[in-house]
Number of protein chains: 2
Amino acid sequence: MKALTSIQQKFILHWGEMGTRWGINRTVAQVHALLYLSPDPLPADEITTLLGVARSNVSTSLKELQGWGIVRLVHVMGDKRDHFESLHDVWEMFRIILDERKRREIDPTREMLRATLNASAEEGLDEFTRMRIQELSDFMETSMAWYTQVSRWPQSVLTRFLRLGDQVLSLLKGGRG
Amino acid sequence: MKALTSIQQKFILHWGEMGTRWGINRTVAQVHALLYLSPDPLPADEITTLLGVARSNVSTSLKELQGWGIVRLVHVMGDKRDHFESLHDVWEMFRIILDERKRREIDPTREMLRATLNASAEEGLDEFTRMRIQELSDFMETSMAWYTQVSRWPQSVLTRFLRLGDQVLSLLKGGRG
DNA sequence: GATGAATTTCTGTTAATACTGAAATCTCAG
DNA sequence: CTGAGATTTCAGTATTAACAGAAATTCATC
């Protein structure tokens, strides 16, 4: 891959900025953006050059992205260096990201809420607080149960479903009588 | 409101931690958690005491939360100080948060992607990059169009819908013939 | 198993963000 | 108007997270 075009640079910078707003390291997001745009797997050195950050920083970011499961290590014929490529399927990519954030952040929160509600007897949990936590817990359980099911739908089904939007309501009414 | 129980403290700390992971200031999230748990509106001074942070920090956080639209200023009879209360309806609260994040972060990104695709003629946008950006753009347009519609549904409709989960698929098939 | 390239880990530095306390401003009763 | 309480702004400080460069390790080849 040769030097980045201004459009590619703009995209990568924006993506990095977006990352920081959602609690993702800027460089990690930039590396991901670069690999997403790259037609071929890139070696770490090239990422270093293209983004202008330290080699070690790239190494850490790649580890992080592999941990998320949206970047993987591949080998290229005649080159003994590790190369890296991003998923290119956007739907799959976001599904994985959502799954991971659910697993890392939301599930532990749900667990905490559940534990709190259970401990209500022993520890002093007043009625008002219990109510608030109960409602938060219900919200999370309901939405996550839904997400877990929907995230398993094949992409074609999902897109067709999303495109229905409001229409789904009337179809549901019709479908039931 | 008297001193926080250990359960309340735990919840507030967890919520603050959760905030940082999603790009929200820890104190802002803590103030929000505290007000969410509070049966009555609280004056800034009391928040300061309960959370053990600087008065000015609370002031800034309250401004931020009001900007998001999930906390509002109210007055209490016989007390000239400003008091603050959080929304207590969880569904409404998350709807507002999602709306805001969409408005602040996702919409500008969509705009950027659209602009890039339009500029493809003038600036040098190679076919591969165009494809990648097109797919990202499509993903965002589809999912945001869906969200915009669904977020307007009354809560009762939304919860009933979510609880269907997978069932919605068979109902849709049935409904159409 | 020695050699050199590639990669990762680690530590100190830098940059960004959050926070405090003081000062300034606002508000309103008297 | 005046003054006390309440609130916000702001400049400096502290904390945290990100990063670079050096050192250590791994890996493949001979």
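**Where the domains meet**

Tutor: Domain 1 of chain A and domain 2 of chain A bury about 790 Å² between them, 68% of it on carbon and sulfur atoms. Buried area is the accessible area (1.4 Å probe) that two parts lose on being put together, summed over both. In domain 1 of chain A, the residues losing the most area to domain 2 of chain A are Tyr36(A), Trp68(A) and Ile70(A), together 62% of what that side buries.

This is a predicted model: local features need pLDDT of at least 70, side-chain atom pairs count only at pLDDT 80 or more, and totals for chains, interfaces and linings use all residues. Residues are numbered from 1 along each chain as its sequence is written, chains are lettered from A and ligands numbered from 1 in the order in which they are written, and side-chain values use heavy atoms, with hydrogens and water left out.

Now the bounds. Domain 1 of chain A spans 6–86, and domain 2 spans 90–176; such bounds come from an automatic or database domain assignment. Their centres, taken over C-alpha atoms, are 31 Å apart.

Next, the contacts. Here 11 residues of domain 1 of chain A touch eight residues of domain 2 of chain A, with heavy atoms within 4.5 Å.
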